[in-house]
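Here are my notes on this one, in the order I'd look at things. Have the structure open while you read.

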Amino acid sequence: MRRRRGDTHRLLRWLWTSRRGDARAARLVLLPASALWRGTVAARAAAYRRGWWSVRPLPLPAVAVGNLTAGGSGRTAVTTWIAQHYLGAGLRPAVLTVGSPGVALAAAHALPGAIVIDRADRRAAAADAAAQGAAVLVLDDASRELGLRRDLDVAVISA
């Protein structure tokens, strides 16, 4: 089956934008789960803001890149662009990914001279990057990691 451009998010578009009765019913069924999720996320953020949960420092300045939409927003391209910016400024960046071998491979190919580490433990990855001579960290898909101190958050949205 040949897929049309932009067809990858058809189900999401139907769910959130359709005025059909079945889409409205699906949204209604999902409301309690949405409220529970929103409350959990808000409580977690409040725990970090109030100092109930600790925010751990990283050994280098860090830029966290995340997205506000479900896939396809260009987060990895923005991560690569930021790392290229640092390379152009004479700084050696380290791109830290989590469980994304394809992203790590693409970043390594696009960023000769940068350090690329794909590891679930970002603090250990950051320590390795510092030991390898990195000057700055670029954290791919890190907007949810409130327990890591970073110097800049970049949120990417699909327009």
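1. Arg-150 counts as buried, at 16% relative accessibility (buried is under 20% relative accessible area, exposed over 50%, partly exposed in between, with a 1.4 Å probe and protein chains only). Its salt-bridge partner is Asp-153, with the closest N and O atoms 3.1 Å apart; Asp-153 is partly exposed at 49%. A salt bridge here is a side-chain nitrogen of Lys or Arg within 4 Å of a carboxyl oxygen of Asp or Glu.

2. Before going on: this is a predicted model, where local features need pLDDT of at least 70, side-chain atom pairs count only at pLDDT 80 or more, and totals for chains, interfaces and linings use all residues. Residues are numbered from 1 along each chain as its sequence is written, and side-chain values use heavy atoms, leaving out hydrogens and water.

3. Now look at Arg-75 and Asp-140, another salt bridge, again with closest N and O atoms 3.1 Å apart. This pair links distant parts of the chain, 65 residues apart: Arg-75 sits in helix α3 and Asp-140 in strand β4 (DSSP runs numbered from the N terminus; helices are H or I, at least four residues, strands E, at least two). Arg-75 is buried at 15%, and Asp-140 is buried at 1%.

4. Which residues of helix α4 (residues 101-110) are buried? They are Val-103, Ala-104 and Ala-107. The face turned away carries exposed Pro-101, Gly-102, Leu-105 and His-109.
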